[in-house]
Amino acid sequence: MTELFSGLPSLQAYLLVAAILFCIGVWGLINSRNAVRVLMSIELMLNGVNINLMAFSSYIDGDLIRGQVFAVFVITVAAAEAAVGLAILLSLYRNRVTVDMEQFNLLRW
């Protein structure tokens with residue numbers, strides 16, 4: 001059994017890459033004032049989650065595909081989020097001529 005998994009990276013390596021992606025996404029979400037960068041940061045966070053799902057699915061239940069199914073659902077939600085988010089950003093850009101998050105005060109009295 002160990003010969004089969006000798007060439008694969010360990011679970012910790014996948015979790016480290018996923019944690020790095022997720023932390024970069026959180027940092028970009030907190031520090032960015034550009035709305036397009038905020039959307040890209042959310043996508044990075046979702047990709048980190050997908051790597052976690054795939055890694056745990058591969059290492060815990062190798063024959064079942066539960067992690068892959070959840071990852072496909074996350075990918076579809078991310079695609080819908082990107083499409084709706086970009087549509088909202090385009091309409092805001094047409095009205096305000098900026099994508100700076102500090103300038104969006106549409107809900108203020």
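**View 1. The largest pocket of this predicted model has a volume of about 150 Å³.** The model is predicted, so local features need a pLDDT of at least 70 and side-chain atom pairs count only at pLDDT 80 or more, while totals for chains, interfaces and linings use all residues. Residues are numbered from 1 along each chain as its sequence is written, and side-chain values use heavy atoms, with hydrogens and water left out. A pocket is an open set of points on a 1 Å grid over the protein atoms alone, where a 1.4 Å probe fits, with protein on both sides within 12 Å along at least five of seven lines. Points are joined across faces, edges and corners, and the volume is the space filled by probe spheres set on them.

**View 2. The lining of the largest pocket draws on helix 2 and helix 3.** Lining residues have an atom within 4 Å of a point. They are Ala-35, Val-38, Leu-39, Val-84, Gly-85, Ile-88, Leu-89, Leu-92, Met-101 and Phe-104. Helix 3 gives the most, with five residues. The lining has nine nonpolar residues, one polar and no charged. Here Ala, Val, Leu, Ile, Met, Phe, Trp, Tyr, Cys and Pro count as nonpolar, Asp, Glu, Lys and Arg as charged, and the others, Gly among them, as polar.

**View 3. The protein chain has three helices and zero strands.** Along the sequence the pattern is α-α-α. Helices (H or I, at least four residues) and strands (E, at least two) are DSSP runs, numbered from the N terminus. Of the 109 residues, 22% count as buried. Buried means under 20% relative accessible area, exposed over 50%, and partly exposed in between (1.4 Å probe, protein chains only). The chain averages a pLDDT of 86, and 88% of the residues score at least 70. pLDDT is the predictor's confidence in each residue, from 0 to 100.

**View 4. Helix 3 has 31 residues and reaches 44 Å from its first C-alpha to its last.** That span is close to the 45 Å expected at 1.5 Å a residue. The expected span is 1.5 Å times one less than the number of residues. Buried residues of helix 3 include Gly-67, Ala-71, Val-74 and Ala-78. An α-helix has 3.6 residues a turn, so residues three or four places apart point the same way. The buried residues of helix 3 pack against helix 2. Just after helix 3, Val-97 takes a positive phi of about 55°.

**View 5. Ser-41 sits in helix 2.** Its relative accessibility is 5%, so Ser-41 counts as buried. Leaving aside neighbours within four places in sequence, Ser-41 is in contact with Gly-25, Gly-28 and Leu-29. Contact means heavy atoms within 4.5 Å.

**View 6. Asn-34 lies in the loop between helix 1 and helix 2.** Asn-34 is partly exposed, at 23% relative accessible area. Beyond neighbours within four places in sequence, Asn-34 is in contact with Val-99 and Met-101.

**View 7. Asp-61 lies in the loop between helix 2 and helix 3.** Asp-61 is buried, with a relative accessible area of 16%. Setting aside neighbours within four places in sequence, Asp-61 is in contact with Phe-56 and Arg-66.
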